[in-house]
Amino acid sequence: AALRTPQPGQGALALPHRPGEPTPAPTGTQRDLLPLLRVVGQMNTTYVVCEGPDGMYLVDQHAAHERVVYDRLLAQAAGRDAAQVGVQPLLEPVLVELEPHALATLDVHRDDLGRLGLEVEPFGERTAMVRTIPAGFGTLDIPAELRALLDRLEDDARVPQGFGRAVATVACHSSIRAGMPLAMEEMRRLLE
C-alpha cells in the first residue's frame with residue numbers, strides 16, 4: 001500500500017486500504033485531516049494504531065502530544081486556558097551548572113520560559129537556579145532536562161527565534177516520549 005509522508009507537525013501517517021490508489025496531498029487543519037478514529041493498540045511503544053473510515057492510521061504519540069501541549073501553552077500565554085497548563089513550584093530550588101553557551105541561551109529566553117512556567121535565574125558565574133517547572137516537565141533529573149531544553153532551544157530551526165520557539169521547545173520536553181507504554185484510555189484521550 002502507498003504510504004503518505006506526514007507534513008511537519010502532523011504526527012499521523014494514513015495507510016490507504018486500497019493498494020495502488022494515489023493518496024491526495026493533505027490540506028486543511030489537523031482536525032480536518034484526522035477523521036474520527038478508533039484506537040486499536042500501540043506499536044513499539046511509539047505509535048498509536050487506529051482504525052478510521054479510510055483504513056489504518058499510525059499516530060506518533062510524541063508528536064501528537066507535543067502538538068496538544070504546544071496548543072495549550074499558546075492558549076495559556078494568550079490568557080485563554082490558564083487552568084489546563086499548570087506550574088509546579090519546587091520545594092527547594094534546584095541548582096544547575098551550565099556551560100557558557102547554555103547560560104547565553106537562557107539569558108536570551110529567560111522571560112519567555114518564565115511565561116511558560118519555567119522560572120530559572122542566574123546564580124553565580126556558571127550556575128542557574130530553577131524555582132518552578134511547567135506541569136509535565138521531567139522531574140526525575142531536572143538538571144539534565146534543563147540542559148537538553150536549552151540545547152534544543154539554541155539549535156531548533158523549526159520555529160523562528162522568540163516566544164514561539166520557547167513554546168515549541170517546552171512542549172517537546174513536556175510531552176509523552178517514544179518508548180512509553182500507554183493504556184487504551186490514555187491513547188483515546190490523546191486522540192480526542
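Mentor: D71 and R67 lie 4 residues apart in helix α2 (residues 61–77), and are therefore separated by about one helical turn; helices (H or I, at least four residues) and strands (E, at least two) are DSSP runs numbered from the N terminus. Please keep in mind that this is a predicted model, in which local features need pLDDT of at least 70 and side-chain atom pairs count only at pLDDT 80 or more, while totals for chains, interfaces and linings use all residues. Residues are numbered from 1 along each chain as its sequence is written, and side-chain values use heavy atoms, with hydrogens and water left out.

The side chains of D71 and R67 meet in a salt bridge of 3.3 Å, N to O, a salt bridge being a side-chain nitrogen of Lys or Arg within 4 Å of a carboxyl oxygen of Asp or Glu. D71 is partly exposed at 38% relative accessible area, and R67 is partly exposed at 35% (buried means under 20%, exposed over 50%, partly exposed in between, with a 1.4 Å probe and protein chains only). The structure holds 7 salt bridges, among them a pair in helix α6 (184–191), where E185 and R188 are 3 residues apart and thus separated by about one helical turn. The closest N and O atoms of E185 and R188 are 3.5 Å apart; E185 is partly exposed at 45%, and R188 is partly exposed at 37%.

Now turn to R177 and E145, whose side chains meet in a salt bridge of 3.4 Å, N to O. R177 lies in the loop between α5 (163–173) and α6, and E145 lies in helix α4, so the pair ties together parts that are 32 residues apart in sequence. R177 is partly exposed at 33%, whereas E145 counts as buried at 15%.

Helix α4 (residues 142–155) itself lies across β5, β6 and β7, running at about 80 degrees to β5; contact here means heavy atoms within 4.5 Å, and angles run from 0 to 180 degrees between N-to-C directions of axes fitted to C-alpha atoms, for helices over the stretch in contact. These 3 strands form an open sheet in the order β5-β7-β6, with antiparallel pairing, where pairing requires at least two bridges found by DSSP. Its edge strands, β5 (87–97) and β6 (119–122), each pair on one side only. Between β6 and β7 (residues 127–134) there are 4 bridges, and E121 stands opposite M129 in β7.
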